[in-house]
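Trainee: Could we go through the ring pairs and the enclosed spaces of this one together?
Mentor: Gladly, let us bring it up.
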Amino acid sequence: MADLLGFTAILIVSLITLIIALRWPAISNILIVALIVRVLLLLVGHYITPLPGGNFDAEYFERKAWEMGQEGFSSVLSNFSFHPLRFFSSIHAIPYSLFGRSILMGQSISLLFGMGTVFFGWKLANILWDNRVANKVGWSIALFPSLILYSVLFLREVYVSFFLLIAIYGAVSWVKNNNYKSLTLSFVGFMMATLFHGSMFVGALVFLIILISSYSKILLNSLMDLKINFRILRIFLIFVFILGFYVSNKISIPYIGDFKKSINMQSLITRTNVYAQGGAAWPEWTKINSEIELVYKAPIRSIYFLFSPFPWDIKKYEHFIGLMDSFLYMYLVFLILCNFKVIWKDPALKAILIILLSYVFVFGFGVGNFGTALRHKTKFTFMFILLAAPLIKRIIFLKNNKI
């Protein structure tokens, strides 16, 4: 029965993908290849050999979903939790309560969000660049190893990536078209991403600061012309109120806490050392033991978050997976640096870069080993790809099909 549920779910995801491919022929090859690769990996991991990262947290989330689902649909709804540590399992407990336990079905839901990330990444690239570059982005997201892997595991990464992509999509639409409905879409995306992982709130906070800065300039210019745009003033005041609500410690975010806790130096120092454990832990010298070290080791930890493991960190054969992953990020960061002038001149690209850097900085503090870093980077890998896209080398994929 569990296998039947799983294959039915895979078929449904495949049909949805086929419908989208027929509706948008320009991305049809990308979607079909992305689906085939992911389904094959999903079946290999389920029936032949466990996939990297498919134990520990994945098993915990799945087990919690089943425990909640056994109580029945009404019980799942009445005990539904919006805490990031339980929200993911609560979501999966719903189909479990209705149809029964099937790990393959749960992984198929991840597959659906993985395919959604490919599609919306391509759509967003069309807004930022052009169709040629959008195809590069589509292929890159479709074939990026960690994005493939986490699209078929019972983990939160692909869900966070999808909703963060929706948030960035809304932000870019606002910058390009000054469409206020896009702001709603953006903050809904950030909110959903935060429900899956509390640290995603950082991106919303940074975007809020960008908005306040932008509207401040508009309001100042209008006042100098002796005119007041009451619509912009109203939106500006709402954003200032939200930001002030957080700064005044009225809002507490899981993993981050309230504003006072988030800037507490001793709390940051403790956090950097707690997570530096296990065989994949960063070197001892990256730990922070004082406020002075907090200043000059912050960039070092961000570099380690992005590019570890380095060759000298390899201790086990499985660490080579992380090494290959780090080479890909080195390549993307190199392309972003080469494309920096173009990025900085475009308000939408600059906003993406600033939000991306805020995540790199925050996770540089919150992560202490390269195994965990690989997972967390997957949440915003699409942002690296979007910024580097024009310079990604062309490849030939399938007969007469150029990226």
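Trainee: Before that, what should I keep in mind about the model?
Mentor: This is a predicted model, so local features need pLDDT of at least 70 and side-chain atom pairs count only at pLDDT 80 or more, while totals for chains, interfaces and linings use all residues. Residues are numbered from 1 along each chain as its sequence is written, and side-chain values use heavy atoms, with hydrogens and water left out.

Trainee: OK, how many aromatic pairs are there in the whole structure?
Mentor: The search finds 37 aromatic pairs, where rings of Phe, Tyr and Trp (its six-membered ring) pair if their centres lie within 6.5 Å, and planes under 30 degrees apart count as stacked, over 60 as edge-to-face and the rest as tilted. One of them joins Phe-82 and Phe-87, which are stacked at 5.8 Å centre to centre with 25° between the planes.

Trainee: Are Phe-82 and Phe-87 buried or exposed?
Mentor: Phe-82 counts as exposed at 54% relative accessibility, whereas Phe-87 is buried at 4%; buried means under 20% relative accessible area, exposed over 50%, and partly exposed in between (1.4 Å probe, protein chains only).

Trainee: And why is the pair of Phe-190 and Phe-207 called tilted?
Mentor: Because the ring centres of Phe-190 and Phe-207 are 6.3 Å apart and their planes stand at 35°. Phe-190 lies in helix α10 (residues 180-196) and Phe-207 in helix α11 (residues 201-224), so the pair ties together parts that are 17 residues apart in sequence; helices (H or I, at least four residues) and strands (E, at least two) are DSSP runs, numbered from the N terminus. Phe-190 is buried at 1% relative accessibility, and Phe-207 is buried at 0%.

Trainee: Switching to cavities, how many are there of 30 Å³ or more?
Mentor: The count comes to 2. On a 1 Å grid over the protein atoms alone, a cavity is a set of points where a 1.4 Å probe fits but cannot get out, and lining residues have an atom within 4 Å of a point; grid points are joined across faces, edges and corners, and a volume is the space filled by probe spheres set on the points.

Trainee: What lines the largest cavity?
Mentor: The largest cavity, with a volume of about 40 Å³, has a lining that includes Ile-168, Val-172, Phe-207 and Ile-352. The elements giving two or more residues to that lining are α9 (157-177) and α18 (347-366). By class the lining has 9 nonpolar, no polar and no charged residues, where Ala, Val, Leu, Ile, Met, Phe, Trp, Tyr, Cys and Pro count as nonpolar, Asp, Glu, Lys and Arg as charged, and the others, Gly among them, as polar.

Trainee: How does the lining of the second largest cavity divide?
Mentor: Into 3 nonpolar, 3 polar and 1 charged, around about 30 Å³ of space; among the lining residues are Arg-38, Thr-117 and Ser-151.

Trainee: Where is Ser-151 placed?
Mentor: Ser-151 is in the loop between α8 (145-150) and α9, and counts as buried at 2% relative accessibility. Leaving aside neighbours within four places in sequence, Ser-151 is in contact (heavy atoms within 4.5 Å) with residues including Arg-38, Gln-107 and Val-158.

Trainee: Last one, which helix holds Ala-134?
Mentor: Ala-134 is found in helix α7 (residues 131-143) and is buried at 0% relative accessibility. Ala-134 and Ile-27 are 107 residues apart in sequence, with a C-alpha to C-alpha distance of 9.2 Å.

Conventions
On a 1 Å grid over the protein atoms alone, a cavity is a set of points where a 1.4 Å probe fits but cannot get out, and a pocket is an open set with protein on both sides within 12 Å along at least five of seven lines; lining residues have an atom within 4 Å of a point.
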